[in-house]
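Open the model in your viewer and keep the sequence beside it, so that each stop on this short tour can be selected by residue number.

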Amino acid sequence: MTVRRTLAGLLTAGLLAAAAAVVPIGAADATESGTGDLPFGSATTVGLHNTYDPAAYPYLAQGLDTGTGMIELDLWTDVITKEWKVSHSNPLGNSNNCTAADTSAQLYTGGTNKNLEHCLDDIRVWLGAHPAAGPLVVKLELKGGFAANLGMGPDQLDALIAAHLGDRVLRPADVLAKPGGGSYASVDEAVRAGNWPTRSALTGRVLLYAIPGTVEEHNPFDTLHTDVEYGRHLRDLAAAGRIGQAQLFPAVHGAAAGDPRGKYTGADAGIRPWFVVFDGDAAAYLNGIDTAWYDRSHYLLVMTDAQNVTPQISATSPTVDQAWARTGQLARAHASIVSSDWRKLSAVQSQVLPRG
């Protein structure tokens with residue numbers, strides 16, 4: 001893949017100055033780079049790590065204003081109040097930039113530190129005000145995992161997402177549906193057959209995926225992690241003819257050689273075909289892993305901490321040229337999403353490149 005060299009000529013001093021601040025630019029114009037007709041799995045976009053953090057933006061909508069291809073929300077299951085808290089480290093309280101918005105003007109006013117449903121409402125309201133935006137990926141890190149035995153499992157999270165995002169969600173069932181009628185047997189079969197919609201067909205839509213959280217992964221008493229639990233959920237819904245209820249794609253977390261779904265063994269081997277999203281460290285993926293395999297299979301590959309690939313660049317404020325070069329490098333390495341904390345580089349966040 002060749003990154004358009006014409007971009008270098010466009011990045012004049014004025015554009016560089018504008019890129020130094022978060023400017024409400026709406027959504028990336030996919031048609032500008034000729035990527036609107038690409039299948040969703042055949043493009044590379046840029047994503048924002050921990051977009052909900054008040055230190056990143058006063059309001060979540062300001063992160064969306066960069067035109068980014070992905071935002072991230074960290075979730076905690078508050079089993080006492082039965083609320084999904086959005087916070088980095090407080091399991092019983094919110095610490096975020098989501099507001100209770102019903103109109104686009106309210107996205108930038110009022111109190112913050114809201115529960116997940118308000119963050120989803122903010123996304124829905126923002127998309128309504130930017131009809132050319134999308135597709136947008138929403139990464140959910142379940143910091144402590146689900147608590148299905150206490151009424152906060154995959155069923156409850158599905159219901160909350162459906163209630164607040166509605167038909168804007170690209171569900172596993174949508175990917176399973178064959179254009180001429182009928183359905184593929186699994187999302188693996190569907191995407192390997194190239195059944196991702198085009199980017200232009202996904203204008204205004206959201207794909208959500210979930211990874212196990214850092215607390216969950218280091219908890220020796222937690223033997224059922226988010227990826228396995230939601231993978232079983234998809235498998236069982238499909239077997240019961242209720243796959244349309246599912247709102248998320250589970251992700252295999254962590255870069256590994258070969259097919260990393262091989263870690264699902266025994267009775268869980270049957271959940272492997274329900275994983276088509278993979279999330280891991282960019283530097284690890286570039287250290288001898290065959291990332292072309294993901295591209296050939298049309299799987300989504302999210303490369304995190306893009307700044308740590310050699311030579312390392314700033315985690316938060318590299319130059320536009322450095323961020324562009326890194327994005328192009330990881331696009332050629334078959335990333336679907338290049339994730340970082342480049343919060344002020346809207347000129348980079350909003351770009352879409354052909355993958356590979």
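The structure holds two cavities of 30 Å³ or more; on a 1 Å grid over the protein atoms alone, a cavity is a set of points where a 1.4 Å probe fits but cannot get out. This is a predicted model, in which local features need pLDDT of at least 70 and side-chain atom pairs count only at pLDDT 80 or more, while totals for chains, interfaces and linings use all residues. Residues are numbered from 1 along each chain as its sequence is written, and side-chain values use heavy atoms, with hydrogens and water left out.

Next colour the strands (DSSP runs of E, at least two residues, numbered from the N terminus): β1 (43-48), β5 (206-212) and β8 (300-304) each give two or more residues to the lining, and β1 provides the largest share, three residues. The lining of the second largest cavity divides into ten nonpolar, four polar and one charged residue; Ala, Val, Leu, Ile, Met, Phe, Trp, Tyr, Cys and Pro count as nonpolar, Asp, Glu, Lys and Arg as charged, and the others, Gly among them, as polar.

Terms used: On a 1 Å grid over the protein atoms alone, a cavity is a set of points where a 1.4 Å probe fits but cannot get out, and a pocket is an open set with protein on both sides within 12 Å along at least five of seven lines; lining residues have an atom within 4 Å of a point. Grid points are joined across faces, edges and corners, and a volume is the space filled by probe spheres set on the points. Helices (H or I, at least four residues) and strands (E, at least two) are DSSP runs, numbered from the N terminus.
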